[in-house]
Amino acid sequence: RFEAMNSNRAINDSVVEARFRENLEELTAHDRFKDFGQINLLILLNDPQHVFYVMDGQHRCRVMERLHRHTNRDIKFQFRAKAVSDEAEAHRELMHFQNAYPSDPRAFFSSKRARQVGTSVL
């Protein structure tokens, strides 16, 4: 199972919709999807659910999910996965990643509840 990190930015549905449409056009024109690039994942060692938390690529994952449901085609993508001990270490890893690839810090949430509220507003 793939899930957005609790502390990651909210998914913008208009971004997902635009990328979904672009990929349908690519599929029609060239019988393939666009390259989704590398998805960065974190795995919490203390999580019995064995969830892959999406550190970078949550919009692309949502697009791939929609495309798979819509076309029933397999979708190939590259990923990098890092195992961390707990949610606090996952958050530190996310912040380290974001320092290397800066985004607006207001787009990140400190808890699952804050992300859910932020997403509902979008």
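**Sheet and helices of a predicted model**

In this predicted model, helix α2 (residues 58-71) lies across β1, β2 (38-44) and β3, running at about 125° to β3. Contact here means heavy atoms within 4.5 Å, and angles run from 0 to 180 degrees between N-to-C directions of lines fitted to C-alpha atoms, for helices over the stretch in contact. Helices (H or I, at least four residues) and strands (E, at least two) are DSSP runs numbered from the N terminus. Local features need pLDDT of at least 70, side-chain atom pairs count only at pLDDT 80 or more, and totals for chains, interfaces and linings use all residues. Residues are numbered from 1 along each chain as its sequence is written, and side-chain values use heavy atoms, without hydrogens and water.

The strands form an open sheet of 4 with the order β1-β3-β2-β4 and mixed pairing, where pairing requires at least two DSSP bridges between two strands. Its edge strands, each pairing on one side only, are β1 (2-4) and β4 (78-84). Strand β1 pairs with β3 (residues 52-56) in the parallel sense over 3 bridges; Phe-2 has Phe-52 in β3 as its bridge partner. Helix α3 (residues 87-100) lies across β2, β3 and β4, at about 155° to β2.

Helix α1 (residues 13-30) has the buried residues Val-16, Phe-20, Asn-23, Leu-24, Glu-26 and Leu-27, buried being under 20% relative accessible area and exposed over 50%, with a 1.4 Å probe and protein chains only. What covers these buried residues includes α2. On the other side of α1, Glu-25, Thr-28 and Ala-29 are exposed. Just after α1, Asp-31 takes a positive phi of about 55°.
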